[in-house]
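This briefing goes through one structure topic by topic, and it is meant to be read with the sequence and the coordinates at hand.

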Amino acid sequence: MRGQRTGRLAGFAVLVAVAASACAAPAPPGPPPAPTSGLNLPGFDRSVRPQDDLFRFTNGTWLRDTQVPPDLSEYGSFSMLSQRAQADQRTLIEQASNDTGETGDAAESTPRKIGDLYASFMDTARLDQLGAAPLRPYFAAVDRLSSPADVVRYLGDIQHFDGSNPIGLSVSQDSKDATRYVTEVSQSGLTLPDRDYYLSVDPKMATIRDQYRAYLAKMLTLAAQPDPGGTAARILDLETELARSHWTNVRKRDAVASYNKMSVADASKGTGIDWASYLAAAGVNQPDLVVSQPSYFTALGKLLTTTQLDTWKQYLRWQLISADAPYLSSDFVDTRFDFVGKVLSGRQQNRERWRRAVTAVNTSMGEALGQLYVGKFFTPQAKQRADELVHNILNAYRNSIDQLDWMSPPTKAAARDKLAKLDVKIGYPNRWKDFSSLTIDRGDLIGNMDRAARLEHQRALDKLGKPVDRDEWHMTPQTVNAYYNPSMNEIVFPAAILQPPFFDAAADMAANYGAIGGVIGHEISHGFDDQGRHYDGDGNLRDWMAPADAAAFTAKTRALAAQYGAYSPLPGTHVNGELTMGENIADLSGLTVSHRAYQASLGGTPAPVLDGFTGEQRFFLGFGQIWRTKERDESLRSSLLTDPHSPGEFRANGVVPNVDAFYQAFNVQPGDKLYKAPKDRIHIW
Ligand SMILES: [Zn+2]
């Protein structure tokens with residue numbers, strides 16, 4: 001989720017993740033073993049007091065002894081699990097390569113397609129021989145453009161993989177009528193991670209822009225484009241103009257401001273873009289569309305006519321080069337890594353080729369691979385345990401609403417209604433996506449990626465005019481992450497996050513409630529965060545909070561924004577309290593509610609002391625250790641601008657000063673660094 005472009009699935013908040021290797025086999029019969037604490041004690045730093053710094057108490061030794069691997073920009077609980085999940089997937093893919101299909105016709109076997117796609121990525125000898133040749137047919141389509149109207153049609157038609165388009169097109173549920181799908185367009189088209197990279201006067205950003213221009217020129221040279229230096233400057237100028245009209249990430253989060261449904265004719269009038277022509281080229285036949293950032297599209301409409309056609313064509317060729325570079329010969333791959341990997345994220349070496357191949361399979365056939373993954377690595381027992389945990393936390397949430405002192409009875413009733421309608425998905429989809437129409441050719445990597453992207457595009461278009469598909473998943477089961485989708489009012493937990501250190505079915509439940517319990521509570525809380533609260537239980541954008549309740553809620557969230565805004569992860573930087581608001585609310589609410597669920601689960605029986613810690617203490621330590629992470633400065637700088645999540649340290653240390661139970665668990669007193677006076681503690685749910 002870091003560094004991702006405007007998603008096709010815009011509109012729902014997503015948590016951070018975890019993931020690991022195989023689930024444990026069922027225990028043999030016999031007396032149950034004494035439970036373990038589920039804590040990773042060797043990573044703790046006992047020279048730090050948890051009352052002063054929970055993050056370093058639970059992670060300090062690990063932080064001191066761990067280097068971020070040279071091929072990664074960040075390393076921690078989530079990425080360790082992802083790394084292991086990748087290795088598991090590689091094994092599955094290699095087995096799939098030999099699949100002969102149920103009918104004996106290997107060409108019809110989806111596992112075989114996975115294996116062939118992987119093989120097409122791994123065949124570097126062939127890719128090096130091809131050089132820039134796979135780009136040629138795509139360039140030819142750009143060469144034929146002879147007017148701004150042609151460019152608009154091209155943008156509709158191209159739907160290439162990996163975001164190479166200033167118009168992001170998606171099909172999503174209509175925010176004001178969640179029973180139907182609607183077409184949505186949103187800002188996109190930048191190569192650098194955020195508008196600030198183009199516009200900031202910070203000298204570091206100015207240096208990155210110089211490096212970007214040099215990178216552009218080098219890539220254009222590799223692709224045999226004329227006048228690489230001059231072209232690079234013109235492309236950077238055009239992207240800078242696009243960036244100027246991009247909404248900030250804070251403004252983009254605004255669910256109400258981003259919902260602008262209008263007729264296609266009105267959208268064209270308002271933005272100067274011929275949307276009928278664009279949509280026809282994209283294969284969409286609908287009377288209306290949602291324009292997420294109208295002012296951006298008005299600016300784009302002007303740029304389409306005021307910028308030279310030739311510059312647009314150079315930009316469009318560049319977007320193809322940029323998107324396709326990871327799938328071309330090694331000179332493209334290496335040049336791209338020197339900028340995108342080193343300059344933008346601080347990585348020292350590229351990930352091993354097989355890991356990138358696994359990523360390519362995930363991009364193109366992720367759910368097909370997921371079907372193999374859960375067959376091998378997810379047990380019905382794990383699904384059942386997670387299901388119980390979710391329902392305990394939902395019960396605690398219901399009780400929390402009853403006890404809120406700042407919410408009026410009618411708003412409480414609406415909140416209870418929303419909670420009652422919340423849907424829960426655990427592990428993997430009930431129904432899998434079909435890949436039978438996808439053609440995979442072992443000798444045509446770019447073609448494979450392109451056909452897979454077009455299949456997904458068609459899958460999205462096919463939803464228009466049909467009933468909403470409540471079985472659809474927006475993450476694959478092998479993803480170490482979870483999400484809340486406000487239009488569906490659902491929480492979703494892929495199989496890969498249901499593993500240690502998030503969830504250890506064999507361990508005592510205290511740390512589990514602090515870890516996966518906090519994650520589950522987090523996702524439920526997104527339904528009630530500063531944006532999620534605008535949606536009702538049926539997924540419609542409709543304010544159900546009475547004005548006085550909304551005002552009380554906003555006062556609390558302002559205090560939270562001020563608290564996080566004071567954190568400075570790097571000299572001269574701050575956490576953006578507005579950008580991270582929804583995630584910080586979800587972290588705080590989620591842990592608070594999970595703690596109540598933990599207490600209820602004990603049923604009045606005192607928890608044992610394990611590894612020298614009480615149950616109450618292990619709850620918070622389990623929470624602290626899931627935020628174990630180290631991030632390179634370059635990557636952190638980008639995350640602070642683009643990632644709606646606070647850095648791990650502040651996800652741990654920012655939440656607990658507001659949770660009364662933390663004070664009791666560790667006897668936190670005035671003078672301790674995590675102490676807040678009772679009147680200053682922020683209690684939301
Ligand atoms: Zn989240």
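**Cavity, zinc site and strands**

In this predicted model, the residues lining the largest cavity come most from helix α4 (residues 124-130), which gives 3 of them. The points below begin with that cavity, continue with the metal site, and end with the pairing of strands.

**The cavity**

- A search of the whole structure finds 1 cavity of 30 Å³ or more, and the volume of the largest cavity is about 30 Å³.
- The lining of the largest cavity is made by S120, D123, R126, L127, L130, R442, G443, D444 and L445.
- Sorted by class, this lining comprises 4 charged, 3 nonpolar and 2 polar residues.

**The zinc site**

- The zinc ion is coordinated by H522 and H526, each through NE2, and by E583 through OE, at 2.0 to 2.1 Å.
- Along the sequence, the spacing of these donor residues reads H-x3-H-x56-E.
- Because H522 belongs to helix α21 (residues 516-526) and E583 to helix α23 (residues 581-602), the pair ties together parts that lie 61 residues apart in sequence.
- H522 and E583 are both buried, where buried stands for a relative accessible area under 20%.

**The open sheet of β6, β8 and β7**

- An open sheet is formed by 3 strands in the order β6-β8-β7, with mixed pairing.
- The edges of this sheet are held by β6 (423-427) and β7 (483-485), each of which has a single partner strand, so one side of each is left without a neighbour in the sheet.
- Neighbouring strands of the sheet are turned against each other by 15 degrees on average, with direction ignored.
- Between β6 and strand β8 (residues 490-494) the pairing is parallel and extends over 5 bridges, and within these strands D423 stands opposite E490 in β8.

**Strand β3 and its partners**

- Strand β3 (residues 177-187) is largely enclosed by the rest of the structure, because 8 of its 11 residues are buried.
- Strand β2 (residues 167-174) pairs with β3 in the antiparallel sense over 8 bridges, and the two strands form a hairpin with 2 residues between them.
- Within this pairing, V171 stands opposite T183 in β3.
- β3 is also joined by 2 bridges to strand β5 (residues 288-291), and these two strands run parallel; the bridge partner of E184 in β5 is V290.

Methods:
Residues numbered from 1 in each chain as written. Predicted model: local features only at pLDDT ≥ 70, side-chain atom pairs only at ≥ 80, totals over all residues. Heavy atoms only, no water. 1 Å grid on protein atoms, 1.4 Å probe; cavity = no way out; pocket = protein on both sides within 12 Å on 5 of 7 lines; lining within 4 Å. Points joined across faces, edges and corners; volume = space filled by probe spheres on them. Helix = DSSP H or I, 4+ residues; strand = E, 2+ residues; numbered from the N terminus. Nonpolar A, V, L, I, M, F, W, Y, C, P; charged D, E, K, R; others polar. Donors = N, O, S within 2.8 Å, 3.2 Å for Na, K, Ca; no water. Buried < 20%, exposed > 50% of the residue type's maximum accessible area, 1.4 Å probe, protein only. Pairing = 2+ DSSP bridges. Axes fitted to C-alpha atoms, helices over the stretch in contact; angles between N-to-C directions.
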